[in-house]
Amino acid sequence: MDTMGFTLEGKHIVLGVCGGIAAYKSVELLRLLVKEGASVRVVMTENAGHFVGPMTFEALSQRKVCRTLFATADDAAVQHIHWAEEADGVVIAPATANIIGKLANGIADDALSTFMLAVTCPVLVCPAMNTNMFASRQVQRNIGLLNGFGYAILEPGSGELACGTTGPGRLPDPLIIRDALEALLAPKDFAGRRVLITAGPTREAIDPVRYITNPSSGKMGYAIARAAAMRGAHVTLITGPTSIAPPEGVVCIPVISAAEMATAVLEQMDHADIIIKSAAVADFRPAAAASLKVKKEDAALSLQLERTQDILKAVGARKKNQVLVGFAAETHELDRFAAGKLKAKNLDMVVGNLIGAPDAGFGADTNRASIYYKDGTCEAVDLMSKKDLAHLLLDRVGRLGG
Ligand code: CTP
């Protein structure tokens, strides 16, 4: 099965590490990149060695670390050129004021700065230093120069720094750095396309303290939103209540109930080229929600329910030249039910899940899907992370012309 979707798997990444307290986070970043399947080489400055020893990086990357231009007799003098040619992406984390100054001015006096002059692939620079240093005119001018050279700069986080000051200068969490690197390297094949995504469960109030919902975590929809944004799309995410932070660069519209989701989707749908409805919308809601908490002495033992609007069906009926993708979560007869929904709701594609296995469907980090197309074909997709599945689904949507 081919997946053109973007991941760091098999990519050649060079991690540049400078001498700063935050160098300990580079170890975690390296671990994350290796976990994604990237082949990582580490180039560190002499000062970085005061904070983390090269053996840690060597053990995790399974490769020799480059620290000096002249350390070993073999290929040290030219290895930085070879590594620069081979690299698909470079990330410098933490980037000190010193390396930023050197890069801005073309100084090549150690392994990392010399290597950087030979690099032609995308570069992500992650500054981390004392707040006043970061705010200094010199550093700000140099960062401006790097921007002008086409380097991507990851804004440092704010907070209490190791030196005791508070303000911007902290190296962001390694997960944020990994995401920024992925976004930098991802192909921009959805540039200019407007994608509307729904995610998460809805909550249907019984009274102010009780509601009906389902176990949807929102992970699948958020993964699609993130993947689409990374690939250059303008993404609007309409989301029921979840515990996940909205992805970077995505317009997020939070809703609670199916009715609110319906209003938001119908308001937004005309602005979208592609609509992906991964939300687990409640099919029923209490016929009348009580405005005050129902006391158990007064409660009836049965709830009167009514149907919510089928949002996907309404969108299918109204859609013009738009690609519409629905989801079908079933406990049995997936093929029949999913294909039925495709037709009944005028969809271009349905992503079907068999609910029940612990590694797929609600709440899991992985998913096993079958994709049903309008032409009657079906594609079974192996178990994979929701992130990989998100990219694969976007590949398929792209083929449909969305
Ligand atoms: N859906 C929707 N509005 C609803 C219910 C579902 O938009 N009120 C959408 C979901 O976002 C999903 C698709 O319809 O993309 C399928 O949802 P699902 O609950 O599996 O199916 P239903 O069509 O509701 O049918 P049934 O519950 O009978 O299986």
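Me: Where is lysine 319 found?
Reply: In this predicted model, lysine 319 is in the loop that runs between helix H11 (311–318) and strand E16 (323–330).

Me: And is lysine 319 buried or exposed?
Reply: Lysine 319 counts as buried, because its relative accessibility is 14% and the cut-off for buried is under 20%.

Me: Which residues is lysine 319 in contact with, leaving aside its neighbours within four places in sequence?
Reply: Those are Met269, Leu324, Asn346 and Asp348.

Me: What joins the side chains of lysine 319 and aspartate 348?
Reply: A polar contact joins those two side chains, at 2.9 Å.

Me: Okay, new topic: the ligand. Which residues come nearest to the ligand?
Reply: There are 17 residues around the ligand, and the ones that come nearest are Lys277, Ala279, Leu312, Phe327 and Lys345.

Me: You mentioned alanine 279. How far is its backbone N or O atom from an oxygen atom of the ligand?
Reply: For alanine 279, that distance is 2.7 Å.

Me: What about isoleucine 311, which ligand atom does its backbone lie 3.0 Å from?
Reply: A nitrogen atom of the ligand lies at that distance from a backbone N or O atom of isoleucine 311. Alanine 329 also has a backbone N or O atom to mention, 3.5 Å from an oxygen atom of the ligand.

Me: How much of the ligand's accessible area does the protein cover?
Reply: On its own the ligand has 560 Å² of accessible area, and the protein covers 76% of that.

Me: Where is tyrosine 24 placed?
Reply: Tyrosine 24 is in helix H1, which spans residues 23–35.

Me: Is tyrosine 24 buried or exposed, then?
Reply: Tyrosine 24 is exposed, because its relative accessible area is 52% and exposed means over 50%.

Me: Now the whole chain. How many helices and strands are there?
Reply: The chain has 13 helices and 21 strands. Its C-alpha atoms fill a box of roughly 80 × 50 × 35 Å along the principal axes.

Me: What share of the residues counts as buried?
Reply: The chain has 402 residues, and 50% of them count as buried.

Me: And what does the accessible surface of the chain come to?
Reply: The total is about 18,900 Å², with 54% of that belonging to carbon and sulfur atoms.

Conventions
Residues numbered from 1 in each chain as written. Predicted model: local features only at pLDDT ≥ 70, side-chain atom pairs only at ≥ 80, totals over all residues. Heavy atoms only, no water. Helix = DSSP H or I, 4+ residues; strand = E, 2+ residues; numbered from the N terminus. Buried < 20%, exposed > 50% of the residue type's maximum accessible area, 1.4 Å probe, protein only. Near = heavy atom within 4 Å. Polar contact = N/O pair within 3.5 Å; in protein donor to acceptor, adjacent residues only side chain to side chain. Areas by Shrake-Rupley, 256 points an atom, 1.4 Å probe, with all protein chains shown as cover. Contact = heavy atoms within 4.5 Å.
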